[in-house]
Amino acid sequence: MTASLLPNFRLDGKIAWVTGASSGIGARLAEGFAAAGATVVLAARRADRLQAVAARIHAQGGHAVPVVLDVTDPAAIADAFDRITAGTGTVDVIVNNAGIAAPSVVLKTSAASRDATFATNFTSAWDVSTEAAKRLIAAGRPGSIINITSVLGLGVGVGYSAYAASKAALAQLTRSMALEFVRYGIRVNALAPGWFVTEMNAPFFATTEGQDYLRKIPPGRAGELDELLGPALLLASDAGSFVNGVILPVDGAHHVALV
Ligand SMILES: NC(=O)c1ccc[n+]([C@@H]2O[C@H](COP(=O)([O-])OP(=O)(O)OC[C@H]3O[C@@H](n4cnc5c(N)ncnc54)[C@H](OP(=O)(O)O)[C@@H]3O)[C@@H](O)[C@H]2O)c1
């Protein structure tokens, strides 16, 4: 790559809204986007954790605005967008990253657990993206929406029925929105991460069974959170201006042979 292309990966002057920014992948992407010049809106339920992420960003000279938000509450999403748009500006980049996993086989999965998984992993992305797109269209601005799906949205494993179905639905929503929003200059893509050790799965990967599993998958290891940052910046920034409707696996080839 020539040095003149590198500025296209920056997000100076842009506002990036990251859901699930209080830990794990969301926190790391928010920190990376701030380092790339964006003002980041940090959305999640745990206020103390959002403040800690914001403090780290501010200490690095970046800009962050924490917003305590339950993404399963559509009225709260609309209200948060109103407040951020008025106080900070129109949001240019969305990362729908908030997610939960409650591993369970179909016959043992309760309706409540199934519905909660879909509400957090799928419906919230629909609601957040819709609020963002309406405002971008009204402002006549382009935008980029990034949904965090999963390798389990591409293939399945025993015990992840609701989670895998919610992520596959999110992948199809990504394609649908890409098709409908392209006329407004709004791109919609997804990252499909393989395994990354976060609060969601750390207890399992600390076990012998978890370590054995990691040795068996194609990359032979979990990903490092920073390995998601380059792909996310490509999708978020002008460097990816003609990338649209794509589900990009970031998994060391795990999806090629799902185990
Ligand atoms: N780690 C992996 O191996 C992996 C692989 C593929 C895909 N993913 C996906 O990556 C995303 C991030 O997961 P992670 O691994 O970073 O796990 P994590 O550390 O547990 O992060 C999950 C985030 O989602 C937020 N969240 C959950 N429910 C929410 C709600 N109702 N409203 C607002 N925020 C909510 C949590 O914040 P609060 O609790 O503060 O609200 C937290 O910040 C998820 O969508 C997950 O499915 C992860």
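Colleague: What covers the buried residues of H3?
Modeller: The cover includes strand S2 (39-44), strand S3 (63-68) and helix H4 (111-139). Helices (H or I, at least four residues) and strands (E, at least two) are DSSP runs numbered from the N terminus. This is a predicted model, where local features need pLDDT of at least 70, side-chain atom pairs count only at pLDDT 80 or more, and totals for chains, interfaces and linings use all residues. Residues are numbered from 1 along each chain as its sequence is written.

Colleague: Which residues are buried in H3?
Modeller: Ile77, Ala80, Phe81 and Ile84. A residue is buried if 20 or more other C-beta atoms lie within 10 Å of its own, exposed if 12 or fewer, and partly exposed in between, with C-beta atoms placed from the backbone. Seen down the axis of H3, the buried residues fall within an arc of 100°, so they line one face of the helix. The arc is that of the directions from the helix axis to the C-beta atoms.

Colleague: And which are exposed on the other side of H3?
Modeller: Ala75, Asp82, Ala86 and Gly87.

Colleague: What comes just after H3?
Modeller: Gly89, with a positive phi of about 135°.

Colleague: Changing topic, how many helices and strands are in the protein chain?
Modeller: Eight helices and seven strands.

Colleague: What are the spans of the C-alpha trace along its principal axes?
Modeller: About 50 × 45 × 40 Å for the protein chain.

Colleague: How much of the chain is buried?
Modeller: Buried residues account for 42% of the 259 residues.

Notes:
Two residues are in contact if their C-beta atoms, placed from the backbone, lie within 7 Å.
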